[in-house]
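Please study the sequence and the model before reading on.

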Amino acid sequence: MKNLFSNFKGDLFGGITAGIVALPLALAFGVSSGMGPSAGLYGAIFISFFAALFGGTSTQISGPTAPMTAVSMVVIAGIIAINDGSLEKALPAILIVFLLAGLMQIGLGLLGIGKYIRYIPYPVVSGFMTAIGVIILVTQILPAIGYYPKEDADFVAQYKPMAEEIILNNMLKEEAGEGILVLENFEETIARAKTITDEDMLKEAQTLAKSEASGVIGAIKVLPRALNNINWLELILALATIIIIYGFKRITTTIPSALVALIVVSGVAYGFGLNYRPIEQIPSGFPIPNLNMFTQFKLSSVTPYIFTALTLALLGAIDSLLTSVVADNMTKTKHQPNKELVGQGIGNSIAAIFGGIPGAGATIRTVVNINAGGKTKLSGMIAGILLLIILLALGPVASQIPAAVLAGILVTVGIGVMDYKGLKAIPSLPKDMSIGPIKFSSEVVIMLVVLVLSSVWNLVYAVGIGLIIASLMFMKKMGDLTAERSDVKSLEKEVNWPDEASFPKNLQEEVFIKHLKGPLFFGSTTEFQQMADQIPRTASTVIIRMGRMQYMDQSGLYTLEDVLISLKKSGITILFVDVLNQPRYMMERVGLIPDLIPEEHIFKTFKECLVWVKENVKDIIPSM
């Protein structure tokens with residue numbers, strides 16, 4: 001506790017400054033997620049406080065971030081879609097997924113996974129971050145111009161026939177489950193169908209319209225219609241916000257430009273009584289736990305999102321630990337990665353219980369905290385407390401913020417989160433792979449695949465596919481590189497080792513010596529097989545020298561077994577020389593030793609092997 005207050009003044013200024021920076025972003029991320037501004041604010045409060053308290057990076061400021069919000073949007077939209085478009089019905093399942101993500105983060109920390117996060121390939125991270133920017137930027141165009149698909153009567157009307165069909169299908173499914181849908185009760189089914197009102201169909205049609213316009217593809221589809229229905233006041237408010245954010249940075253960076261834009265544009269809009277669209281109402285009072293997430297929990301509604309929860313956990317881990325590295329560089333300290341994951345997991349778990357969206361370590365807020373004097377965990381805790389005070393004291397005031405202002409803030413976030421460093425490097429990256437005559441850079445391919453699939457399909461699956469492609473390409477490169485350095489490719493390149501100089505000349509017709517240098521693994525098995533096929537079947541004995549083969553994987557083991565069986569069938573005796581521990585262990589596990597190669601045919605040195613050969617191979621002329 002003494003160390004916690006050792007830098008009270010600096011931590012106070014750092015925490016207050018970081019909290020102020022976090023406010024507009026928390027509100028904006030909450031709106032963008034689909035759960036409303038209060039969810040963003042709750043997430044910022046609890047994650048900031050508890051991640052700082054239990055985490056392993058003293059100066060880390062945590063809260064909702066662009067990547068975490070983008071993945072959360074996928075979860076929220078998917079669960080809402082299967083709950084009749086109702087956030088209230090979907091909320092328990094959504095929060096359970098977020099809670100699972102937090103618990104998984106705690107598990108990752110306890111298992112010591114933190115130190116392995118750095119092995120995520122840069123092209124995957126680059127493509128994902130750029131996709132996040134694209135998603136935020138494109139999806140915020142519609143609210144920035146004041147267009148909301150579910151409020152466009154003509155657009156919604158297109159979905160009324162489909163809405164009626166869906167309502168009837170849902171009714172039939174319910175009745176089938178209740179046992180009502182049988183021939184003698186069919187009149188009751190018809191009677192229920194007549195109770196469907198125009199209001200029911202309108203609500204379902206609005207849900208369908210909103211779903212159709214969601215995501216990057218959806219936003220692009222309705223963009224022509226949106227441009228014909230621009231709300232010029234909303235557009236002016238969004239543009240004014242963007243201009244102030246970029247313009248104020250040129251004047252000073254001491255005061256957060258996003259906060260200045262939020263206050264100025266909102267103040268003008270409210271002060272002049274403009275007919276703008278405000279954000280959703282922020283509940284007043286202290287946040288209360290959402291216990292419905294436990295009482296109304298249905299395993300079937302959450303099961304499809306287990307992998308998504310794991311993705312959230314891993315993404316939050318990557319996001320947080322990258323920020324921890326930035327903090328280390330600035331403060332010349334060393335963070336504790338596994339402890340940081342536990343802290344982030346606790347913060348996200350508690351935030352989920354109180355209805356907040358998940359988050360991670362935030363680079364900009366952390367940098368602001370350090371520059372303002374923050375040095376201990378107290379700064380992150382103060383940032384969370386400040387946001388709680390703002391919620392309690394200014395909740396009704398914050399509810400008057402124009403939605404277009406938050407859209408403008410998010411547009412700048414989308415532009416800023418893209419990985420321009422990775423994009424600029426595309427032309428200069430080496431073309432290290434080829435398909436026929438076409439040469440390409442494997443890293444560019446990975447980045448573009450993740451970028452495109454994340455933007456137009458699914459963030460979660462895109463990252464998984466990117467990791468698989470990166471792993472396969474890495475294995476191909478390592479296989480090619482190892483094959484170049486190992487000597488298993490051709491018998492024509494065989495060069496006698498020094499201790500073979502005295503080998504009898506006439507023995508060369510009877511005995512063939514093969515050297516294995518480098519690992520025998522999946523990347524070199526083809527070349528090894530081709531080499532084995534070149535061994536002359538006229539030889540009576542083959543000596544395989546294995547002293548420089550340090551490693552053998554399962555692919556190499558079975559390839560070697562096939563070669564040995566083939567040679568045995570040709571009546572050739574195989575001798576091993578200097579078998580190292582790992583390859584020997586592998587061969588013993590499958591019975592290759594001693595079933596194919598008995599112990600008396602395995603020698604520690606070539607000299608011992610030569611003695612055996614002279615004693616057992618016929619027609620040998622002793623060396624002079």
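**Exercise 1: A helix crossing**

H5 and H11 cross in a left-handed manner (left-handed if the near helix is turned anticlockwise from the far one by less than a right angle, right-handed if clockwise). Helices here are DSSP runs of H or I with at least four residues, numbered from the N terminus. The model is predicted: local features need pLDDT of at least 70, side-chain atom pairs count only at pLDDT 80 or more, and totals for chains, interfaces and linings use all residues. Residues are numbered from 1 along each chain as its sequence is written, and side-chain values use heavy atoms, with hydrogens and water left out.

Task: State which residues make the contact of H5 with H11.

Solution. Step one: H5 supplies Val134, Ile135, Val138 and Thr139. Step two: H11 supplies Gly215, Val216, Ala219 and Ile220. Contact means heavy atoms within 4.5 Å. Step three: these residues comprise six nonpolar, two polar and no charged (nonpolar: Ala, Val, Leu, Ile, Met, Phe, Trp, Tyr, Cys and Pro; charged: Asp, Glu, Lys and Arg; polar: the others, Gly among them).

**Exercise 2: A second crossing**

Task: Determine how H1 is oriented relative to H20.

Solution. Step one: the axes of H1 and H20 (residues 403-417) come within 9 Å and cross at roughly 95 degrees. Axes are lines fitted to C-alpha atoms, for helices over the stretch in contact, with angles from 0 to 180 degrees between N-to-C directions. Step two: H1 is therefore roughly perpendicular to H20, a term for angles of 65 to 115 degrees. Step three: on the H20 side, the contact is made by Leu406, Ile409, Leu410 and Val413. Its residues divide into ten nonpolar, one polar and no charged.

**Exercise 3: The cavity**

Task: Identify the helix that supplies the largest share of the lining of the largest cavity.

Solution. Step one: one cavity of 30 Å³ or more is present (a set of points on a 1 Å grid over the protein atoms alone where a 1.4 Å probe fits but cannot get out; lining residues have an atom within 4 Å of a point). Step two: H1 (8-33), H2 (37-54) and H19 (377-398) each supply at least two lining residues. Step three: H1 gives the largest share, three residues.

Notes: 1 Å grid on protein atoms, 1.4 Å probe; cavity = no way out; pocket = protein on both sides within 12 Å on 5 of 7 lines; lining within 4 Å. Points joined across faces, edges and corners; volume = space filled by probe spheres on them. Parallel < 35°, antiparallel > 145°, perpendicular 65-115°, else oblique.
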